[in-house]
Amino acid sequence: MLFRSNAGELTLDAEFQRQKSALDQAKSRRDQIAEQLTRTERERSALQAKVDALRQATLHKDGTGALLTNNRGINVRGSVASLISVETGWESAISVALGDISDAIVVPELSDAVAALTFLKNESAGSAELLVLTSDASNLTSIPSHLTALASKVTSTTLGAALSALLQGYVAANSLDEAERIVSENPTLVAVTREGDYISRTRARGGSTSSPSLIEINSLIEQSEIDLNRVNHECDRFQFDLSAAENNVLSLQSSYERALAQLNESDATMAGLVEQIGRAHV
């Protein structure tokens with residue numbers, strides 16, 4: 001490059017270098033955002049696949065599925081598992097306490113249950129277990145105040161008193177030792193641990209974890225959908241940022257090209273002057 005002999009030339013050179021640096025930084029930032037977007041889109045695809053797989057696992061077979069999709073006006077509210085919210089960490093315990101009833105279809109009245117069973121028989125659509133919401137909660141087993149009722153680990157706006165009735169006499173325990181102590185001191189109660197071990201005065205059930213229950217799967221779906229929603233927002237933000245970064249690169253590219261053109265024009269002018277001065281001294 002020719003030596004700049006005046007302030008104007010030095011200014012052009014400095015402006016060119018400034019524009020080049022700004023353009024390089026903008027391109028680097030754009031590429032970083034593009035990489036972040038790619039990673040986040042991969043995470044979104046994985047989460048969506050997980051949610052789809054979990055939802056597939058909750059598809060009800062036999063009469064349960066037929067009732068959930070019936071078009072005969074039979075009043076069903078959904079499965080028990082789909083209508084409850086369980087405190088994180090207690091999904092196994094609630095699943096053990098509810099047993100097969102967690103898969104049952106909830107209906108408001110006994111007449112709805114009869115209509116559902118009649119439908120299944122007439123359509124040869126299989127069998128299903130039903131939970132009728134009209135439950136008497138007046139004779140629930142009393143649990144000592146220093147113990148934690150398992151029912152406190154789960155809520156449902158639909159099931160109401162029926163949920164308390166289903167879990168009456170069940171106590172939450174943090175370990176097998178605690179469960180044993182609770183039942184030894186309160187023989188009429190049943191203690192269930194976080195891991196899903198069932199301890200009563202006459203029965204015990206538990207051990208290593210098997211396949212997840214419908215309650216646990218629904219909990220996984222809920223958390224996965226929260227994660228998916230978060231990642232969707234991140235993708236939207238990165239896409240917006242990438243668009244802004246692309247526009248910034250285009251703008252700086254134009255400024256850079258103008259500075260380069262001015263610098264080249266100045267070089268050409270300087271070269272012409274040098275040539276003229278050289279001929280004048282010949």
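Modeller: Arginine 230 has a relative accessible area of 38% and is partly exposed. This is a predicted model, in which local features need pLDDT of at least 70, side-chain atom pairs count only at pLDDT 80 or more, and totals for chains, interfaces and linings use all residues. Residues are numbered from 1 along each chain as its sequence is written, and side-chain values use heavy atoms, with hydrogens and water left out.

Biologist: Why is arginine 230 called partly exposed?

Modeller: Buried means under 20% relative accessible area and exposed means over 50%, with partly exposed in between (1.4 Å probe, protein chains only); arginine 230 has 38%, so the label partly exposed applies.

Biologist: What makes glutamate 43 and arginine 230 a salt bridge?

Modeller: A salt bridge is a side-chain nitrogen of Lys or Arg within 4 Å of a carboxyl oxygen of Asp or Glu, and the closest N and O atoms of this pair are 3.5 Å apart, so the pair qualifies. Glutamate 43 lies in helix α1 (residues 7-57) and arginine 230 in helix α7 (residues 214-280), 187 residues apart, where helices are DSSP runs of H or I with at least four residues and strands are runs of E with at least two, numbered from the N terminus.

Biologist: How do you know that glutamate 234 also forms a salt bridge with arginine 230?

Modeller: Their closest N and O atoms are 3.2 Å apart, so the pair meets the definition; both residues lie in helix α7, four residues apart, about one turn of the helix.

Biologist: Why does serine 124 count as exposed?

Modeller: Serine 124 has 67% relative accessibility, and therefore counts as exposed.
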